[in-house]
Amino acid sequence: MKKLFTSISVLCLSLAAHNAVAKVTAEEAAKLGTSLTPVGAQMAGNAAGTIPAWTGGLNTKNSKPSEDPGRPSNPFASDKVLFEITNANLSTYQANLSPGQIAMFNKYPDYKMPVYPTRRTAAYPEKIYDVIKKNAVTSVLVQGGNGLKSFDTAIPFPIPQDANEVIWNHITRFRGGTAKREFTTIPVQADGSFVEVKMNDQLVWPEFLEGGRDAEKDANILFYYLQVITAPARLTGTALLVHETIDQVEEARKAWVYNSGQRRVRRAPNVSYDGPAAGTDGLRTTDNYDMYNGAPDRYNWKLVGKKEMYIPYNSYNLMSTDISYENAVQPGHLNSDNLRYELHRVWEVEATLAEGERHIYAKRTFFIDEDTWGASVIDHYDGRNELWRMSEGHNVMFYDVDTPWMVAETLHDLNSGRYLVTGLSNEEPRFMTWGGVEQRKAFSSSALRRLSR
């Protein structure tokens with residue numbers, strides 16, 4: 001673990017320093033851990049008392065260890081629903097919903113949101129807090145906001161000054177250092193029918209590779225990512241390898257795919273932006289994964305501000321092994337009985353397609369949780385500036401490893417009635433596996449064929 005927190009050689013990236021955005025002062029950074037949480041959220045609750053103060057979150061120090069750290073038990077199983085948002089009372093709560101969330105109520109008469117007491121469970125390792133505080137006074141944006149300089153590990157801008165900094169916090173947020181998942185992606189048709197796509201993937205920061213971060217090989221690398229599809233038969237063996245670069249304008253993301261039908265590895269330059277994602281039946285672009293990923297250079301970014309909003313949170317029920325996929329998935333949307341929404345503060349960021357750029361989404365509106373920096377809701381607009389898709393990230397706190405992450409993300413096509421749910425693990429023997437040191441050669445293009453087998 002020690003190597004995770006050593007200074008990353010990316011501090012010395014040969015990025016042009018023009019257009020660098022000023023970092024905050026030491027006096028401002030001193031608010032982290034006092035009036036602000038260590039990641040930059042407001043420490044205090046709201047005036048109405050519906051959002052409590054942050055008191056450290058749910059972490060390894062104050063929680064009972066789980067039998068399976070990859071599928072922690074629900075610490076709030078006794079919580080009762082405060083109220084449900086339905087079509088009948090939508091007008092009462094719509095000020096705290098996104099346009100995309102409101103559209104779900106308008107499209108589906110049976111749609112509802114069960115709202116529970118707000119639990120500010122987010123927590124990261126203490127050493128990550130130290131890194132974030134250092135980032136606050138060193139990290140700067142370069143390349144017109146499309147790259148980072150003087151950045152270490154995670155969350156470069158805990159006290160953001162503009163929209164670019166907010167979105168970089170989402171892109172770089174800490175996800176345990178190394179994690180393996182076994183999960184199911186389900187493209188759901190309008191009538192509720194579906195075919196499961198099973199896969200496993202792995203995310204690793206260079207610090208967790210054997211020998212640690214290499215000053216030359218990892219100079220512009222944020223993380224390495226592997227994905228292998230294991231079912232259905234027509235897709236079995238399809239594999240994807242990504243070397244995620246920090247500044248993708250300076251150095252484009254490196255990606256390779258192994259096609260089991262062709263039995264060969266090839267470079268995949270379309271694994272970016274609005275390139276199609278395998279196993280999603282055309283419902284997701286590459287940069288929809290993890291709610292949003294990749295280079296931000298095709299959009300103009302605007303920071304709208306902060307608001308209180310009902311977002312999926314502490315969604316432990318959604319990964320329960322007592323729930324089958326048949327029970328979880330319904331026509332139009334997930335079974336609301338398994339969901340949990342809470343009132344939280346979010347950063348609202350608007351991304352508008354830049355002049356001369358191309359993307360199927362002409363505009364996106366992001367709602368990013370202040371406590372985790374994870375995007376919780378994103379509304380997507382088409383070329384006519386009409387609302388098209390809405391995505392939600394169903395977050396839980398993996399308190400055994402001090403890491404918040406999603407147990408599922410949904411992407412709804414508001415026109416066709418189809419939707420995609422990614423990350424379900426209810427019928428999988430394992431979900432998350434944390435920690436360990438990985439061999440660097442496992443993330444080379446030559447390893448793809450072996451992995452697909």
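How many cavities of 30 Å³ or more does the structure hold? The structure holds seven. A cavity is a set of points, on a 1 Å grid over the protein atoms alone, where a 1.4 Å probe fits but cannot get out. This is a predicted model, in which local features need pLDDT of at least 70, side-chain atom pairs count only at pLDDT 80 or more, and totals for chains, interfaces and linings use all residues. Residues are numbered from 1 along each chain as its sequence is written, and side-chain values use heavy atoms, with hydrogens and water left out.

**Confidence**

- The protein chain has an average pLDDT of 92, where pLDDT is the predictor's confidence in each residue, from 0 to 100.
- A score of at least 70 is reached by 94% of the residues.
- Residues 1–20 have a pLDDT below 50, and this stretch has 52 contacts in the model beyond near neighbours in sequence; contact means heavy atoms within 4.5 Å.

- The largest cavity holds about 130 Å³ of space, a volume being the space filled by probe spheres set on the grid points, which are joined across faces, edges and corners.
- The largest cavity is lined by 15 residues, and those closest to its centre are Arg-173, Thr-372, Gly-374, Asn-395 and Met-406; lining residues have an atom within 4 Å of a point.
- Strands S16 (375–381), S17 (387–398) and S18 (403–413) are the elements that give two or more residues to this lining; strands (E, at least two residues) are DSSP runs, numbered from the N terminus.
- S18 supplies the largest share of the lining of the largest cavity, three residues.
- The lining of the largest cavity consists of seven nonpolar, six polar and two charged residues. Here Ala, Val, Leu, Ile, Met, Phe, Trp, Tyr, Cys and Pro count as nonpolar, Asp, Glu, Lys and Arg as charged, and the others, Gly among them, as polar.
- The second largest cavity has a volume of about 70 Å³, and its lining residues include Arg-284, Asn-288, Met-291, Glu-409 and Leu-420.
- S18 and strand S19 (419–424) are the elements that give two or more residues to the lining of the second largest cavity.
- By class, that lining has four nonpolar, four polar and two charged residues.

**Largest pocket**

- The largest pocket contains about 810 Å³ of space; a pocket is an open set of points with protein on both sides within 12 Å along at least five of seven lines.
- Of the 46 residues lining this pocket, Tyr-225, Gln-227, Leu-240, Val-271 and Thr-286 are the closest to its centre.
- Among the elements that give two or more residues to the pocket lining are strand S7 (221–231), strand S8 (239–245), S9, S18 and S19.
- The pocket lining has 24 nonpolar, 12 polar and 10 charged residues.

- Strands S9 (residues 254–259) and S10 (residues 264–267) run antiparallel and are joined by four bridges; two strands pair if DSSP finds at least two bridges between them.
- Val-257 has Arg-266 in S10 as its bridge partner.
- Four residues lie between the two strands of the hairpin, and Arg-263 in the turn has a positive phi of about 55 degrees.

**Backbone in other loops**

- The peptide bond from Ala-231 to Pro-232 is cis, with omega near 5 degrees, and Pro-232 sits in the loop between S7 and S8.
- Gln-143, in the loop between strand S3 (140–142) and strand S4 (147–149), has a positive phi of about 55 degrees although it is not a glycine.
- Gln-143 counts as buried because its relative accessible area is 16%; buried means under 20%, exposed over 50% and partly exposed in between (1.4 Å probe, protein chains only).
- Trp-373, in the loop between strand S15 (363–369) and S16, has a positive phi of about 65 degrees, although it is not a glycine either.
- Trp-373 is buried, with a relative accessible area of 0%.

- Glu-428 lies in the loop between S19 and strand S20 (432–434) and counts as buried at 11% relative accessibility.
- Glu-428 is 245 residues from Phe-183 in sequence, yet the two are 6.6 Å apart in space, C-alpha to C-alpha.
- Not counting residues up to four places away in sequence, Glu-428 touches Arg-71, Glu-182, Phe-183, Thr-184, Lys-198 and Tyr-325.
- Tyr-419 belongs to strand S19 and is buried, with a relative accessible area of 0%.
- Leaving aside neighbours within four places in sequence, the contacts of Tyr-419 include Ile-186, Leu-283, Val-329, His-333 and Leu-411.
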